Amino acid sequence: LAHVVITAKHEHKDLELALKYANALAEKATGKNVPYWAKDMKIIVLEDMGQVEAAKILVGALIESGEITDPYELNFLAHKIATLEEKTTKK
């Protein structure tokens with residue numbers, strides 16, 4: 001499904017479709033071996049759509065959930081929320 005999100009976003013320039021697939025990926029890909037970026041795709045698509053607050057809420061929820069223990073992913077999310085905060089304050 002990841003390649004479908006990327007195709008919808010970049011080749012078809014259809015962010016609504018990309019978000020639909022990113023939602024499906026985040027909801028259906030729940031096994032222990034699923035990489036963290038599977039949930040990150042939804043954040044990136046929301047940000048690209050200008051839905052910065054929604055992306056920020058999703059990042060915060062991922063951090064607070066305790067599901068993510070990988071220090072590199074936590075660092076990515078912390079950096080992402082800082083970037084989203086910056087975008088919010090610029091508006």
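Which helix gives the most to the lining of the largest pocket? I looked this up in a predicted model, where local features need pLDDT of at least 70, side-chain atom pairs count only at pLDDT 80 or more, and totals for chains, interfaces and linings use all residues. Residues are numbered from 1 along each chain as its sequence is written, and side-chain values use heavy atoms, without hydrogens and water.

**Entry 1, pocket.** I found that H3 gives the most, with three residues. Helices here are DSSP runs (H or I, at least four residues), numbered from the N terminus. The lining divides into seven nonpolar, two polar and five charged residues. I counted Ala, Val, Leu, Ile, Met, Phe, Trp, Tyr, Cys and Pro as nonpolar, Asp, Glu, Lys and Arg as charged, and the others, Gly among them, as polar.

Axes are lines fitted to C-alpha atoms over the stretch in contact, and angles run from 0 to 180 degrees between N-to-C directions.

I then took H3 with helix H4 (residues 52-65); their axes come within 7 Å and cross at roughly 160 degrees. That makes H3 roughly antiparallel to H4. On the H3 side I listed Lys39, Lys42, Ile43, Leu46 and Glu47, which meet Val52, Ala54, Ala55, Leu58, Val59 and Leu62 of H4.

Definitions and conventions:
Helices (H or I, at least four residues) and strands (E, at least two) are DSSP runs, numbered from the N terminus. Angles under 35 degrees count as roughly parallel, over 145 as roughly antiparallel, 65 to 115 as roughly perpendicular and the rest as oblique. Contact means heavy atoms within 4.5 Å.
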